[in-house]
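Here's a friendly tour for anyone meeting this structure for the first time. Have a look at it below, then read on.

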Amino acid sequence: MKIHLSAAVTADGALDDRSPERLRISDAADWAAVEALRARCDAILVGAGTVRHDNPRLCLPEEVRQQRLREGRTPDLLRVTVTRTGNLDPAARIFTWGTGARLVFAEGPLPQLDGRAEVIVARPVTAAGIVTELEKRGVGTLLVEGGAEVLRMFLQEKAADTLRLAMHPSLHVDDAAAPHFPFDALPAGVPCIEEQVGVMRVRHYELRADHRAEDLPLLRRAVELSRRCIPCATSYRVGAVIQTCDGALFEGYTHETSPTHHAEQEAIAKAVAAGADLRGATIYSSMEPCSKRSSEPESCSALIRRLGFARVVFALYEPDCFVSCRGALDLREAGIEVAVYPELGPEVRAINGHLKG
Ligand SMILES: NC(=O)c1ccc[n+]([C@@H]2O[C@H](COP(=O)([O-])OP(=O)(O)OC[C@H]3O[C@@H](n4cnc5c(N)ncnc54)[C@H](OP(=O)(O)O)[C@@H]3O)[C@@H](O)[C@H]2O)c1
């Protein structure tokens, strides 16, 4: 899933002042560019602080909705918010304007939102958890529009691909207690390009490199390897490929050398036998690495964490056939980058057609 952060700030980095009304920072040209970015996304997220203070609708203009319908997409964005306290008014515009689903990530049930939003309970709510849940629901692009606390969470967890930061050249708030963009959470030296949009100076930061061109051939190879596993009623057929930092490749597939081995274990065993350094390596697996094993002492996601892999790439989240898998979530919460290419998912499903789920 691609995750874009977007914010507009004053010349002194404020996202708003402390007046009851939202401070207008963007001009019309910048606002049009933000609307165009929204139109390209599947879901939009703001924190409960923004819902309470700004009461945004987060709806798309009617002509954009119609265009999205013609493209076979949902007309509206999936609207998402997060809360700890549960202090969300069911009459807020995010829940009452426009159509389409609403999702709230909360630390406990919110009965006041029954019929208005689906509530996902997680303790704690993390960017890793939000991203994993949305990805499982088929969201391909998420736009995070703030406010300060939510932007900080995504930056600190390194859970974003890009940041669009529009800066007003002369507007100042001069109030340290006003919400400010969390510049301290922005990694130093991130590449960025600047453009002028109306009166605003807009910086486009690339927070995470796009690995698609290198990932897809190796993930396809992992899918091909999975076909070598003989179908059985107790296992998925999975293939795995490891690429170390110096470019060495190791491959494996389910049950290749042992009836209890998963594909990731098989590839890792070969790499370890060859003396390869797996710190910083990438592992490609046709399916989400497991998070629970009964026949082995350590799950594949625990093994991947212990050996210091930097990235995990897979095609299909593990279906809830044997256990409810939280491999991707565990990996993300451990700071490992997880990239999913759902376009290869149907092929992996077909290869595992011997199992229901
Ligand atoms: N200029 C811009 O581009 C822009 C864009 C958006 C917003 N804003 C401004 O930003 C201000 C609001 O910013 P803010 O930092 O106060 O609020 P925020 O980031 O919108 O929301 C913070 C709230 O989100 C919930 N939250 C955040 N992290 C969470 C987590 N890990 N788990 C569970 N809940 C979590 C908490 O809600 P609870 O308190 O309910 O527990 C928290 O108080 C407003 O003034 C708004 O106008 C500006």
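Asn-55 is partly exposed, at 25% relative accessible area (buried means under 20%, exposed over 50%, partly exposed in between, with a 1.4 Å probe and protein chains only). This is a predicted model, where local features need pLDDT of at least 70, side-chain atom pairs count only at pLDDT 80 or more, and totals for chains, interfaces and linings use all residues. Residues are numbered from 1 along each chain as its sequence is written, and side-chain values use heavy atoms, leaving out hydrogens and water.

Most residues other than glycine have a negative phi, and most peptide bonds are trans. Here are some spots that go the other way.

| Spot | Value | Loop |
|---|---|---|
| Arg-123 to Pro-124 | cis, omega near 0 degrees | Pro-124: between β5 (118-121) and α5 (127-136) |
| Gly-146 to Gly-147 | cis, omega near 0 degrees | Gly-147: between β6 (141-144) and α6 (148-156) |

Helices (H or I, at least four residues) and strands (E, at least two) are DSSP runs, numbered from the N terminus. As for Asp-174, that residue is exposed, with a relative accessible area of 65%.

Now for the inside. A nonpolar core is a set of buried Ala, Val, Leu, Ile, Met, Phe, Trp, Tyr and Cys residues joined through side-chain atoms within 4.5 Å. The largest one has 43 residues, and Ile-304 is among those with the most contacts inside it. Helix α7 (residues 212-226) gives the most to this core: six residues. A second, separate core has 37 residues, including Val-80 and Leu-165.
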